[in-house]
Amino acid sequence: MDFALAEVFETVAHTVGDRDCIVQENRRYTYRETLERSYRLGNHLHSLGLGCRRERSELEPWESGQDHVGLYMHNCPEYLEGMIGCYSARVAPFNVNYRYVEAELIYLLNDARAKGLIFHSAFADRVASVRESVPTLEHLIQVDDGSDVPLLEGAVWYHDALAASSATRPPVRPTPDDLYILYTGGTTGMPKGVLWRQGDIFPAALGGRAVGTHKEFDSLEEIAENARSGGLRMLPTAPFMHGAAHWLAFNGFTGGHTIVLPRETRHLDPAEVWATVERERVGVMLIVGDAFARPLLDELADGRYDTSSLFLLISGGAALNAAFKKRFLELMPQVSILDAVGASETGQQANHMAAAGSEPTTGTFTPGSGACVVSSDMTRILDPSEREVGWLAQRGRVPLGYLGDPEKTKKTFPVVDGERISVPGDRARWRDDGTIELLGRDSVTINTGGEKVFAEEVENVLRQHPAVYDAVVCGRPSERWGEEVVAVVQLREGASVTPEDLLGECEKTLARYKLPKDFVFVERVVRSPAGKADYRWAREVAAKAAIERS
């Protein structure tokens, strides 16, 4: 069966209503309270005339028949309530990157044809500066974040909107065909709105499969029974504006678990994260790859925190280096580490589990339901016995397409061997042991001297050097090579290293053509709040360094 996300949450809330649902320091909402608050928001949106205008059967895959409302907030209970409340009113919420400057924000809101925006007071000035450039934007809901910013003219306070609305279910019936919209990060190009049927994204990424068996839930009664045995406390450290964090939250909701948020959510505060783990007895925590691992490990190293409650550490959204996995296991031997692979266009695809006594790896994963590799020319799905470098792909539950973009939709979701699949752009190949080796995003692959170099492979090697805090690898135009490999490196505080030292580290495991031709040292490597590398920035830094040396 397929399910609407609002009905899934409603089912769980009716089953475990008195259990904590969302906790952020002194703000504690049970499932019953969260359901009522989301209903109030849904009724407010419905009263504004927002909802579904055309059913899915009337639309092309890249079209939406629903009104869209942006969520422009740091992590908070209102973000998750905003998603559930929109779904209950048949409104499609979408994520807004709070790091965007005005031009990027205008592009995103216009691309999404935003009718409404729910935003933190801290962003009121930016909303005021762009609103006239977004003709569709009619409704503004402002969330008080303690910043003492007055109510923006024409907006309504979130808490006033809830107080004035009914706590009963909105007078519409959500369907599995209603949209889940997730905008890509835009680190390698302009952000794109990925359109999913809720009936597909639920099993693909939001908890719609039983843990262990990966079997899809067949009924709401089965979901209710699963929630009764829940009660874990789960901490997402990444921003909800990216998929990995709110995917964990919705997996938690489906299982009847409690989502715990640290007090500080405007940036990663390692001390506050570990203090929250200790205070709230967190059992499951989500991070995003090496960018989150490094500062968390630095803070954990002195042994000041009681992390004995933690039993599962998940890295989603970016691969976690084997060296960091080993260090986590040294400091918390009771923990298992789940390195998860997925994308906005695929849902959850594969994972690698490491525990004390095992040998962690980097970049190799056990495929999940529907994960596969297709040939480089996208004409056939490769058998696991074939070793050709192809494309990581997903079969079965896949998105409808990209909002408003038929051409990109057809390119990313081609028909191969008679089946419509998702191919978001990562290179991969099967290994002899039946796992998949993820080589990296093709859009950041460097073509040097006729050879292809996957940036992530070189980055993983560089980050293992003890002097390196972070590194991003990119290509730079070269008369001799076409493109040359350049490493943009941030050193650990107080550390020093020469380019020759770093080359020596790379030579241990990389072929000569993969070695960086230049090293550019920076004070800080720029990443998104979710820890993803900004390759456009890296290419600009590499180009500037070449000009300065010429």
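Arg281 is partly exposed because its relative accessibility is 40% (buried means under 20% relative accessible area, exposed over 50%, and partly exposed in between, with a 1.4 Å probe and protein chains only). The model is predicted, so local features need pLDDT of at least 70 and side-chain atom pairs count only at pLDDT 80 or more, while totals for chains, interfaces and linings use all residues. Residues are numbered from 1 along each chain as its sequence is written, and side-chain values use heavy atoms, with hydrogens and water left out.

Arg281 is not a glycine, yet its phi is positive, at about 55°. The residue sits in the loop between helix 10 (270-280) and strand 12 (helices are DSSP runs of H or I with at least four residues, strands are runs of E with at least two, and both are numbered from the N terminus). Most residues other than glycine have a negative phi. Arg113 also has a positive phi, near 50°, and belongs to the loop between helix 4 (102-111) and strand 5 (114-120). With 39% relative accessibility, Arg113 is partly exposed.

Strand 12 (residues 284-287) pairs with strand 13 in the parallel sense over 4 bridges (pairing requires at least two DSSP bridges between two strands). Leu286 has Ile314 of strand 13 as its bridge partner.
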